Amino acid sequence: MILVLRKSLARGFNPKFDGMSLSDVKVYPCLFSNKQLCSDIFRIRNEVFVHEQQVSREEEFDEFEDTSVHYLGTVDDTPAGTARWRITPQGIKLERFAVLGSMRNTGIGSMILKKVLADVQTIGLPIYLNAQIKAIPFYERQGFKKVGELFVEANIDHFKMVLDN
């Protein structure tokens, strides 16, 4: 269940962290019961959503924690990013994508999304997410399309996006 992407396998992908090339990126899926991984996941989400984006803790940490599949992305064994997914009446909802500021634009977000998609696409349900405006180009590069109207969630503008299979 661990996705390990070595530079030699990533077709020229050469991420940087503190000016050094990364030897590997790992993405670990886990359940809420895995307190060790979830501790790192919740620390990242707290930093990104609660502190940086001023989302309330009550909105960020919700009743779906224990029914979601969570992911922790690490760069050279350092926790760097997170995501989760859950099944809803509309399909599979991807959410809570967050990458620490110091690790943004290294490719870790793409690696986490690719692992999540690899895990959920075989389920056969529609895949969607609510994207913050600034993240829309990232999700479009991964095959998502905007649908519907702009809406506000946690005081942040979003669009619903669906995976265009």
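Which residue forms a salt bridge with Lys93, and how far apart are the closest N and O atoms? The partner is Glu95, with the closest N and O atoms 3.5 Å apart, where a salt bridge requires a side-chain nitrogen of Lys or Arg within 4 Å of a carboxyl oxygen of Asp or Glu. Lys93 counts as buried at 12% relative accessibility, and Glu95 counts as buried at 6%, buried meaning under 20% relative accessible area, exposed over 50% and partly exposed in between, with a 1.4 Å probe and protein chains only.

This is a predicted model, in which local features need pLDDT of at least 70 and side-chain atom pairs count only at pLDDT 80 or more, while totals for chains, interfaces and linings use all residues. Residues are numbered from 1 along each chain as its sequence is written, and side-chain values use heavy atoms, with hydrogens and water left out.

**Salt bridges**

**Aromatic rings and the nonpolar core**

The structure holds 5 aromatic pairs, a pair being rings of Phe, Tyr and Trp (its six-membered ring) whose centres lie within 6.5 Å, with planes under 30 degrees apart counted as stacked, over 60 as edge-to-face and the rest as tilted. Phe32 and Phe42 form a tilted pair, 5.9 Å centre to centre with 45 degrees between the planes. Phe97, Phe138, Tyr139 and Phe144 form one aromatic cluster.

Tyr139 counts as buried at 7% relative accessibility, and together with Leu94 and Phe144 it touches the most other members among the 30 residues of the largest nonpolar core, a core being a set of buried Ala, Val, Leu, Ile, Met, Phe, Trp, Tyr and Cys residues joined through side-chain atoms within 4.5 Å. The largest share of this core, 7 residues, comes from H3.

Definitions and conventions. Helices (H or I, at least four residues) and strands (E, at least two) are DSSP runs, numbered from the N terminus.
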